Structures are given as structure tokens and as C-alpha cells.
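Thanks for coming, everyone. Let me put the model up, and then we will walk through it.

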There are 2 protein chains.
Amino acid sequence: MTTVVTPRGTTAAAWHSGGWHALPAPDLSALLAAGGPWEPGEPLPDATPTLPLPRPGKVICCGLNYGDHIAEMGRTAPTHPTLFAKFADTLLADGADLRLPAGHDADWEAELAVVVGHELRHADEATARTAIAGYTVANDVSVRDWQNRTPQWFQGKAWDATTPFGPVVVTTDEIDPEAGVEVICRVNGNERQRGNTRTLVFSPAALLAYVSTFTVLRPGDVVLTGTPGGVGMGMTPPQYLADGDVVETHIPGIGTLTNTVRLI
Amino acid sequence: MTTVVTPRGTTAAAWHSGGWHALPAPDLSALLAAGGPWEPGEPLPDATPTLPLPRPGKVICCGLNYGDHIAEMGRTAPTHPTLFAKFADTLLADGADLRLPAGHDADWEAELAVVVGHELRHADEATARTAIAGYTVANDVSVRDWQNRTPQWFQGKAWDATTPFGPVVVTTDEIDPEAGVEVICRVNGNERQRGNTRTLVFSPAALLAYVSTFTVLRPGDVVLTGTPGGVGMGMTPPQYLADGDVVETHIPGIGTLTNTVRLI
């Protein structure tokens with residue numbers, strides 16, 4: 001399921017029998033907020049997927065959640081999730097140009113993103129697991145020199161329209177991150193990251209439960225689960241995104257985000 | 001100006017001739033988004049101020065922005081603003097109970113909050129200054145043990161309904177933080193913090209300009225400017241909020257927030 005653009009505007013849509021079919025809401029955020037219905041309606045032959053969730057109320061990110069990435073960043077295994085927030089303005093649709101500031105150190109971070117389906121507060125892990133609407137792909141592109149200017153990473157993570165996100169949300173019967181799904185990033189066709197979610201320190205359900213201790217999660221909110229090893233900052237020498245680079249963020253069973261870097 | 005509750009519901013309102021008068025929007029966020037009009041309408045004899053901005057799209061906070069607080073946290077003067085984000089769910093109205101988790105280290109942080117009046121992106125400081133709609137009072141109450149669990153402060157700063165905010169927004173002709181306004185916190189009548197905004201490392205306009213480098217600020221968005229020295233974590237021994245404590249957050253020329261701690 002996702003949000004699609006058609007000649008008549010945007011609508012929530014479900015993939016069914018080889019094509020997109022309308023769901024009765026202007027976008028997937030609205031349909032999740034309404035709690036459905038999920039039965040596919042009329043076929044949409046001219047539909048193109050766009051940002052699946054145009055304006056999540058909360059996007060909460062976990063850093064340092066894969067052992068190999070923790071090692072490459074020179075840190076030790078955490079006892080609690082390292083969390084930071086980003087606003088919906090950072091999200092970028094599949095296919096859109098990835099506009100980044102010239103003269104700075106922009107880096108890739110492929111991630112599995114969890115989409116919340118039911119309101120959660122003070123939830124245990126089992127309850128949190130039942131509140132997952134589905135999963136999508138994200139790339140928490142980070143402007144490293146800004147991220148490292150101060151003790152807080154936010155300013156390197158919050159550049160508008162720099163987090164590729166989508167292209168679709170798959171439901172929990174389609175993939176199982178606890179059993180393991182691969183999270184892959186390629187730059188100009190060269191594989192830079194390949195991790196597996198079964199090595200996550202904190203699972204999607206564990207993250208949702210932990211976050212729900214201090215804040216409510218609502219349908220359409222998003223939690224990014226962290227990135228595996230292989231970021232540019234961890235390379236010798238460090239390597240960052242250049243104008244014209246093609247970034248592909250791929251999770252088998254969900255799909256691929258393809259975004260071309262434009263330094264501005 | 002603020003948002004008030006009346007027997008007929010909530011409305012934006014302006015203080016005029018000794019009383020609240022209606023402004024034509026359901027709340028101050030909506031009126032800022034619409035850009036006015038600002039002429040006071042019918043008097044509202046039964047109005048009570050509530051959260052002035054019920055749901056800011058962005059609340060961005062600056063840490064480490066007063067020299068005395070930087071020293072008490074054992075840090076050196078920053079070259080760039082230390083920024084983190086919080087979501088609107090953290091805001092709490094004047095007079096409401098400040099519900100905090102028992103068995104944790106909750107601390108006070110009185111702050112001047114800046115309310116954005118016009119959209120800003122890639123703004124210089126002079127432009128940012130003209131985009132300030134006004135100022136209000138905030139207390140960035142922080143659960144220190146959660147804040148310090150990981151390298152990122154967010155999880156200690158994002159507990160729902162723990163950031164007293166309001167009670168009114170004063171316009172830029174009423175106070176001048178660059179010339180200096182005092183920022184005061186009292187706990188059970190004992191003064192714990194008294195700083196002056198003229199000692200801010202980064203002024204309100206400087207913060208808005210800096211943030212606008214990476215993300216758009218829209219009418220009704222909020223930037224918290226940091227807290228002066230005197231937090232409980234900096235006391236010897238450290239002192240934290242207890243059940244029944246009355247926290248008063250006061251900025252002369254704006255008003256006072258009074259919230260009673262309830263450990264839950």
C-alpha cells in the first residue's frame with residue numbers, strides 16, 4: 001500500500017492483481033488515521049507511487065542499532081536505544097532529486113522504517129508488535145559535518161527533503177524483520193551497505209514499546225530502526241556523496257528508492 | 001495574544017482594554033497560519049488562557065546557550081547552536097499538572113520561546129528578526145537519567161505533556177530579548193534560575209536564521225532558546241522535582257506558568 005499520484009490527484013492505493021487500486025482516502029496517512037477500510041476499489045491504470053506518508057506526526061530515529069555500524073562509529077553496544085527526532089519535511093519520495101548542500105559531507109544510511117498502525121502508549125513489546133501497520137524503506141541521509149558540530153545530531157539529520165522514504169508500505173504478513181530482511185545501499189551501482197535486521201540490537205517492536213514509554217505513537221507515525229555498517233564516514237578515507245551520484249536504497253520484499261544527488 | 005477557552009469553545013484572543021477579545025480563528029496557531037487579521041473582536045468575559053499554540057509543526061530547542069549553564073554542565077562555549085527537536089505532544093498549558101515518571105530525575109529548564117510569524121528558509125539574521133511573531137515562556141523539563149542514557153538527549157526531553165508553555169504570546173514591540181529580559185524559575189517559591197537573554201550566545205534571530213539553513217520554519221513554529229544556569233542537575237548534591245512541587249516559570253513582560261508536579 002502507498003499513496004499514488006493519478007491524473008485526478010493523489011489517493012491511497014493498494015497493489016492487487018498486478019495493479020494499483022484506489023483506497024478511500026486522499027493518502028495513506030489519512031487511511032491509517034481512519035483505520036481503513038482496506039478493500040481495494042477501482043483500478044488506477046495511471047497511478048505512480050509517491051511519498052507513502054506525506055506528513056507523519058512523528059518520525060523517530062534510532063541510531064547505533066547494528067553491531068557493525070556501532071563498531072565503525074567507534075562506539076560500544078548500547079543498553080538503551082539512541083533516539084532522535086526528525087520532522088516530516090525531511091522525507092523525500094522515490095525518484096526525486098536528493099538536493100544536498102555543496103561543500104559539506106553528506107552520507108548515506110539505509111534503514112528499515114516501521115509504520116505505526118494503532119495508537120500506542122505505555123505498551124509492552126507484544127502489544128507494540130500488534131500495532132505495526134507495516135514497513136518501508138528509508139535513507140537517513142546525514143550531513144556529517146553539521147551532525148558533528150555539536151553534541152546533538154539533529155542539525156545533520158533534519159535537512160528538508162533529504163530522507164528518501166518509500167516507495168510502498170508492506171504489511172507484517174509480507175516480511176518479518178525479526179526473522180531477518182536485508183537492508184542495502186548502493187551508490188552508482190556499488191554496494192556500500194548490506195545489513196540484516198535479525199542483527200538489530202533493538203527490534204521494531206522493542207523500539208515502539210520503548211518510545212511509547214514517554215510519548216504516544218499514532219497511526220502513520222514512523223520509527224527508523226538504524227543503519228547497518230558501510231556508511232561513507234566509516235570508509236578509509238571517508239567518502240561522501242557527490243553531485244550526480246545515484247543512491248539506491250533497497251530492501252528485498254519492499255522495494256527500491258532511487259534518488260540522484262544534486263549539490264546546491 | 002493566546003488561545004483561550006470559553007463556554008463556547010476555544011478561540012484565538014487578544015488582550016485589549018483590560019480583557020480578552022476574540023480573534024477570528026479557532027486558535028492562535030490557525031491565526032498565525034492565516035496571517036491574521038489581528039483586530040480584536042467581541043469581548044470574552046469568561047475566557048481562560050490555555051496552550052497558546054496547540055500543535056506547532058516544529059518545536060526546535062537550543063541547548064547550551066547561556067554561559068553560566070554551559071559552565072554548570074561542564075562544557076565549553078559552542079561555535080554553533082546545539083539543537084534538538086521535540087514534538088507538540090510535549091507541550092503543557094499553564095496550570096495543568098506536570099505529570100512525571102516516579103523514580104526518575106526530572107529537572108527544570110526555564111526558557112524564552114520564540115514564535116515564528118512568517119515562513120523562513122535560507123534567511124539571514126535581519127530577515128529572521130522580522131519573521132518573529134512574538135515570545136512566550138517555556139520550561140523544557142528534562143528527565144535527566146533518560147536524557148543521559150545515550151548520546152542523544154531526545155528521550156529525556158520528549159515526555160508527553162511535560163513542557164509548560166505559555167500562557168500568552170507577546171509581540172516584538174512588548175519585549176526585546178536582545179536588549180535583555182529575565183528568565184526565572186522558582187520551585188516551591190525558591191528561586192532556582194535567573195538568567196538574562198542579553199547573555200545568550202545565539203540570539204532569537206540568530207537561531208531562526210541558522211535553523212532556516214536546513215529546514216523551513218512556518219508560522220506557529222517554535223524555537224526554544226535554551227536555559228540559564230541553576231538547573232537541579234547542577235546543584236550539589238543534584239536536586240530533582242518531587243511529588244507536589246510547584247514549578248513557576250516566569251519572564252517579566254510575558255507572564256508566569258505555574259504547574260504542580262505529580263509523580264506517576
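**Rings, interface, backbone**

Let's start with rings. Counted over all chains, the structure holds 17 aromatic pairs. For the rule, rings of Phe, Tyr and Trp (its six-membered ring) pair if their centres lie within 6.5 Å; planes under 30 degrees apart count as stacked, over 60 as edge-to-face and the rest as tilted. Take Phe87(A) and Phe87(B): ring centres 6.0 Å apart, planes at 80°, so this pair is edge-to-face. The pair crosses between chains. Phe87(A) sits in the loop between β6 and β7 (91-92) of chain A, and Phe87(B) in the loop between β6 (82-86) and β7 (91-92) of chain B. The helices (H or I, at least four residues) and strands (E, at least two) I name are DSSP runs, numbered from the N terminus.

A word on ground rules. This is a predicted model: local features need pLDDT of at least 70, side-chain atom pairs count only at pLDDT 80 or more, and totals for chains, interfaces and linings use all residues. Residues are numbered from 1 along each chain as its sequence is written, chains are lettered from A and ligands numbered from 1 in the order in which they are written, and side-chain values use heavy atoms, with hydrogens and water left out.

Now the interface. How many residues does the contact take from each chain? It takes 34 from chain A and 34 from chain B, with contact meaning heavy atoms within 4.5 Å. About 3000 Å² is buried between the two chains, and carbon and sulfur atoms give 60% of that. Buried area here is the accessible area (1.4 Å probe) that two parts lose on being put together, summed over both. Which residues of chain A lose the most area to chain B? Phe87(A), Gln152(A) and Phe214(A), together 24% of what that side buries.

Next, polar links. Between chain A and chain B, 20 residue pairs are in polar contact, both residues at pLDDT 80 or more. That term means a pair of N or O atoms within 3.5 Å; within protein, one must be able to donate a hydrogen and the other to accept it, and residues adjacent in sequence count only if both atoms are side-chain atoms. On the side of chain A that touches chain B, β5 (59-63), β6 (82-86), α5 (154-157) and α6 (204-214) each supply at least two residues. The largest share, five residues, comes from β6(A).

Six salt bridges cross the interface of chain A and chain B. The rule is a side-chain nitrogen of Lys or Arg within 4 Å of a carboxyl oxygen of Asp or Glu. Lys58(B) pairs this way with Asp89(A), their closest N and O atoms 2.6 Å apart. Over all chains, the count is 32 salt bridges. One of them joins Arg8(A) and Glu42(A), at 3.9 Å from N to O. Arg8(A) is in the loop between β1 (2-6) and β2 (9-16) of chain A, Glu42(A) in the loop between α1 (28-34) and β4 (48-50), so the pair ties together parts 34 residues apart in sequence.

Last, the backbone. Two peptide bonds to look at. Gly166(A) to Pro167(A) is cis, omega near -5°. Pro167(A) lies in strand β13 (residues 163-170) of chain A. Thr236(A) and Pro237(A) are also joined by a cis peptide bond, omega about -10°. Pro237(A) is in the loop between β16 (222-224) and β17 (246-251) of chain A.
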